[in-house]
Amino acid sequence: MSQDLWLQNYDAACRQAQEIAENIHERNRLQRTGGNTAKLNMTLRASLQKLKQNIAQLRETLIRASAQRHIMQAEADRRQNLVDDLATREARLKASFNGEISEAEPARSSLMTGGHGSGPGVNPWLVNESEETRGLGFGEIKHQQQQIIEAQDAGLDALAAVISRQKQMGQEIGNELDEQNEIIDDLAQLVDKTDGRIKNETHRVKLLDAKSASCGMLVVIVLLLIAIIVVAAWQN
């Protein structure tokens, strides 16, 4: 996996700071021995200016990467600490160049081995490095961060799938409620129609009852008339 460009630039700035420290040490040695330091001073001024510009560029690209969420917040904080330490280093180098502080720069072997003179080379400004990344190279840190980002992406994908399923379930429940409401409306209409039919049939029954009562009275009257006629005929 290719190394992160920001880490590459940071590593280059660290090497540049180390080179400046060695040149300051050499310049001071020449001053003590009466040598000519004019050319070396000119080189150091240009190098210090370039280092300052590189640090400013590191800050700018880090802010942009953090704002665009290209890196995790924890990694952004860690890199910010690296830039701050490098800026402090640049200020000390400038002060040492100007003679404001005495030279107190460790040798290259001490810087590149963490001050013990042996072991794998590490960057001397990783002062706030976490336990998870301690001892890892820039490429390994980049790979680790990529794995974390991929795991987060997978988690977000899973969450999105759950939300999508819940949304689908909500839509299905809504559709089912709509169907149930339509059934209830149909039942209400059926009840209204049935109630109307019941009222009509009740009215018909009442009419039939009235007609039946009228027919009964008529039969009685007819029977009485027949009886009168029979009695009259019998008496004659």
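Reader: Which helix does Glu176 lie in?

Author: This is a predicted model, and in it Glu176 lies in helix α5, which covers residues 138-235.

Reader: What makes Glu176 partly exposed?

Author: Its relative accessibility is 46%. Buried means under 20% and exposed means over 50%, so Glu176, at 46%, counts as partly exposed.

Reader: Which residues form the negative surface patch?

Author: The patch is made of Glu176, Asp178, Glu179, Glu182, Asp185 and Asp186. Asp and Glu count as negative, so that is where the "negative" in the name comes from.

Reader: Now over to Arg27. Why is Arg27 called buried?

Author: Arg27 sits in helix α1 (residues 5-33). Its relative accessible area is 5%, and the cut-off for buried is under 20%, so Arg27 is buried.

Reader: What makes the meeting of the Arg27 and Asn28 side chains a polar contact?

Author: The distance is 2.9 Å, and the limit is 3.5 Å between N or O atoms. Residues adjacent in sequence count only if both atoms are side-chain atoms, and here the contact is side chain to side chain. So it qualifies as a polar contact.

Reader: How do you know that Arg29 forms a salt bridge with Glu26?

Author: Their closest N and O atoms are 2.5 Å apart. A salt bridge needs a side-chain nitrogen of Lys or Arg within 4 Å of a carboxyl oxygen of Asp or Glu, so this pair passes. The two residues are 3 apart in helix α1, which means about one helical turn separates them. Arg29 is partly exposed at 36%, and Glu26 is partly exposed at 29%.

Reader: Why does the pair Glu60 and Arg64, at 3.6 Å, get called a salt bridge?

Author: The N to O distance of 3.6 Å is still within 4 Å, so the label holds. Glu60 and Arg64 are 4 residues apart in helix α2 (residues 38-67), about one helical turn.

Reader: And Glu75 with Arg79: what makes both of them buried?

Author: Glu75 is at 3% and Arg79 at 4%. Buried means under 20%, so both qualify. Salt bridges with shared partners join Asp4, Glu75, Arg78 and Arg79 into one network. The side chains of Glu75 and Arg79 meet at 2.7 Å, N to O.

Reader: How many salt bridges does the count come to?

Author: By the 4 Å rule, the count comes to 8 salt bridges.

How values were computed. Residues are numbered from 1 along each chain as its sequence is written. This is a predicted model: local features need pLDDT of at least 70, side-chain atom pairs count only at pLDDT 80 or more; totals for chains, interfaces and linings use all residues. Side-chain values use heavy atoms; hydrogens and water are left out. Patches are made of residues with over 30% relative accessible area and no salt bridge: like charges are joined within 9 Å, nonpolar side chains (Val, Leu, Ile, Met, Phe, Trp, Tyr) within 5 Å. Accessible areas come from the Shrake-Rupley method with a 1.4 Å probe; for residues, only the protein chains shown count as cover. The place of a charge is taken as NZ of Lys, CZ of Arg, CG of Asp or CD of Glu. Buried means under 20% relative accessible area, exposed over 50%, partly exposed in between (1.4 Å probe, protein chains only). A polar contact is a pair of N or O atoms within 3.5 Å; within protein, one must be able to donate a hydrogen and the other to accept it, and residues adjacent in sequence count only if both atoms are side-chain atoms.
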